Amino acid sequence: MIAESLALSAVLFTIGTIGVLTRRNAIVIFMCVELMLNAVNLSFVALSRQYGVTGQVFVVFVMTVAAAEAAVGLAIIISIFRHRQTVNLQNINLLKG
Amino acid sequence: MLLQTAAVASTGHSLQGSVAEWIWLVPVLPLIGFLINGWLSLRAVGHVGPADPSGEEHGHGHTDDAHHDAHDDGHQATRHPSASIVSVVGPTVLILAFLLAVAIFAALAAAQPDAPFVKQLFTWMVAGDFRVDAAFQVDQLSMVMVLVITGVGALIHVFSVGYMRDDPGYPRYFAYLNLFVFFMLVLVLGASYPVLFVGWEGVGLCSYLLIGFWFTDKVNADAGKKAFVVNRIGDFGFLIAMFLLFANLGTLDFSGVNAAAPALGAGSALVTVICLLLFLGCAGKSAQIPLYVWLPDAMAGPTPVSALIHAATMVTAGVYLVARSAALFSMAPAASLTVALVGGLTALFAATIGLKQWDIKKVLAYSTVSQLGYMFVGVGVGAYAAGIFHLVTHAFFKALLFLGSGSVIYAMHQAYHHTGSHEDAQDMRNMGGLKQFMPVTFVLMWIATLAIAGIPPFAGFFSKDEILGAVFARTHGSTLADAQWFGIPGSAVLYAVWVFGLAAALLTAIYMTRMMLYTFHGPNRSGEREREHLHEAPWIMTGPLVALGVLSAVGGWLNLPAFFPAGPIQALHHWLEPVSGDAALQVTHGAEAHMTATTEYTLVGIAVAIAVAGIAIAFARLKPAALVPKAEAPEAEGFERVLEHKYYVDEIYDRIVVRPIESGSRGILWRGLDAGIIDGLFVNGSAYLARGFGWLGARLQTGRTGTYAWVLVIGVIAVLSAFSLR
């Protein structure tokens, strides 16, 4: 049972990673990051059966942080869209000094 | 460990508690003189440097720049304000040191110890097994040297009081001269090679300072620099020899080295290399081929300096070092043959150059180089006592010749100065007929000339004959004769050295007579107006000359040859036996080198005949009457021209040594190494490297999140795979 859970977690994480690397729309990338987080959550929960309740506590923390991140991230994306009329990351290089 | 053995040796020494305990005071006295005179010269600021070279244009006429000023302002005006104190302090410390040395010498003669008396002063340095004490060694050899240095030195100091009278650098001159005597005494008294080396370098420094005494003339400063640089080449050899000695014997004390020397193995390559390196040092300090070139240039210094440093004492330090290391040299026949051969070649080579020099001091300079060659022949063939004997007699007659020439130059300079002429006061073509103006100097110079030419009964005859006889005696039945020198039998080398020595003796007689003829005989060529101003030097200058004249006449009694009918036979030879007797015996297979009476008389006859022939040839061939003053003299031609230009050795050295080093320094070391590699590659190169990395880093920063994400993921994969593969 645990092997299947971890395999699913790995598949989800890989899908999320590939999405982050290949997609250009900021919203989609954002969603892929959420997918990665939840893949990790899944593996935490799966492993908590073996190693105790600590993993489930982590999951609660991760979901909290993810919620905060979603709020801030979406706000940033909206603000970028207002300035540039696009959320295509190819056209945004504000991080260049 | 060696210190303990030395201490044990000295506790039971017969000189313990005697006046020899005060040996440290002998060098300290001149040091005190140096401090006083040095302070006086610094105190009167403005008189530290030499005189303003007022109109002093000619290259050689730099004997005393002050005389010009003296004429204009009166004598007292340009004398240094402290001159009177310096005149007392300078010579007095030397005379006191001489008297103390005589007392110690007397104590040594009374005790006649077989082992040297070592006076420990303090520990100089300790590093692991290496330990050097500041210690002075009183033995037969060192005390002979101390007597020569302080005795002849005191006479030359007194002479200098008159000669340098009006020089504005008067206290500075005496400070340097006192310092020189201090270092020279450290050199001969030091009980180990490092202490000797301190004195060795110290006298080199003082030589440099005194050659360039009138340093506002670039020629003089250059001559000092040349002496310093050439001596460094020799010192390199000396240092390496010391390192080898310590590495193989573990000690550098003379007594320790002498005791341990047999461990090196007689005739081994190691001891030969050590001796050859030591001799390289000697060749530098004592002006032998190929490092003799500095000595003739050293004549740029004041004439008393030439007498003291460049004739009587410092340049003989190499001979002293070989005699001091007799235990080593007697085990290395090949090295000893090299010493003798180089000495013989130098004696002949320098004598030929002396034939055609016009500067009176240059004649004497090449004569000194030649006579030093004789000394090396003596110590080279293992006749250490004979070498030291010639060193002593040479100190007498060569100091006399130099001081006499100083007296001549002083008179010439005074005369030219009175008339305002700028002729060369040292060129013999401007002299002539001086015997009527300066009779005392004339007579004394002739005594010295006869002494150096080898006419009996003057000092040089005995010492030179002793050396030539020793060479001849060792052509058979000695370790030298049996040894091979680069495949040549040792006896053949010794015969060659003997022939060189005889030829040099002939040339010596010729060039010295030539100098006397051109200087004192014939008509006077100094000019009508100058003639009336020519007169004998004051008594303070002629007094030391007389003392040296007496010594030159009777100095041979120090070591009369074995066949001599009366008097103290071979006194110096027996005196030095505790120091170098064993080493000398080792060279001659344990037996004293004896020749039959007939052979001895024949050799003496040949030597005297050659000396007389030389003088006769000079009188017959040279016509002082035909000589013209320097300004009108024609250029010499043919071989004479080569001799006058000293075989162009300076030019050859310039071409094959100086210029390659200069262009190498410029092209390779400066442009290539310094500007190219250090500045270009290291300094600017590292800046370029940092800038290049910066440029690459700037390219990585695209500002696109996608790129960063890719790099991040690749990095994570790389790290994870690195961990999982481990």
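A residue counts as buried here if 20 or more other C-beta atoms lie within 10 Å of its own. Keep that cut-off in mind as we walk through this predicted model, beginning with helix 17 of chain B, which covers residues 360-380. By that criterion 21 of its 21 residues are buried, so helix 17 of chain B is largely enclosed by the rest of the structure.

Helix 7 of chain B, residues 170-189, can be read in the same way. From its first C-alpha to its last it reaches 29 Å, close to the 28 Å expected for its 20 residues at 1.5 Å a residue. Here 20 of the 20 residues are buried, so helix 7 of chain B is largely enclosed by the rest of the structure.

One of the partners of this helix is worth a visit. Helix 6 of chain B (residues 140-163) packs against helix 7 of chain B with the axes 9 Å apart and an angle of about 170°. Angles over 145 degrees count as roughly antiparallel, and helix 6 and helix 7 of chain B are therefore roughly antiparallel to each other. On the helix 6 side, the contact residues include B:Ser142, B:Gly153 and B:His157, while helix 7 of chain B contributes, among others, B:Leu177, B:Met184 and B:Leu189. Taken by class, the residues of this contact are 9 nonpolar and 4 polar, with no charged ones.

The crossing is left-handed. Helix 20 of chain B brings B:Lys464, B:Ile467, B:Leu468, B:Val471 and B:Phe472 to this contact, and among the residues they meet in helix 22 of chain B are B:Trp498, B:Gly501 and B:Ala505. This contact divides into 9 nonpolar, 1 polar and 1 charged residues.

Finally, step back to see the two chains together. Where they touch, chain A gives 9 residues and chain B gives 9 residues. The chain A side of that contact consists of 5 nonpolar, 3 polar and 1 charged residues.

Key: Residues are numbered from 1 along each chain as its sequence is written. Chains are lettered from A and ligands numbered from 1 in the order in which they are written. This is a predicted model: local features need pLDDT of at least 70, side-chain atom pairs count only at pLDDT 80 or more; totals for chains, interfaces and linings use all residues. Two residues are in contact if their C-beta atoms, placed from the backbone, lie within 7 Å. Ala, Val, Leu, Ile, Met, Phe, Trp, Tyr, Cys and Pro count as nonpolar, Asp, Glu, Lys and Arg as charged, and the others, Gly among them, as polar. A crossing is left-handed if the near helix is turned anticlockwise from the far one by less than a right angle, and right-handed if clockwise. Helices (H or I, at least four residues) and strands (E, at least two) are DSSP runs, numbered from the N terminus. The expected span of a helix is 1.5 Å times one less than its number of residues. A residue is buried if 20 or more other C-beta atoms lie within 10 Å of its own, exposed if 12 or fewer, and partly exposed in between; C-beta atoms are placed from the backbone. Axes are lines fitted to C-alpha atoms, for helices over the stretch in contact, and angles run from 0 to 180 degrees between N-to-C directions. Angles under 35 degrees count as roughly parallel, over 145 as roughly antiparallel, 65 to 115 as roughly perpendicular and the rest as oblique.
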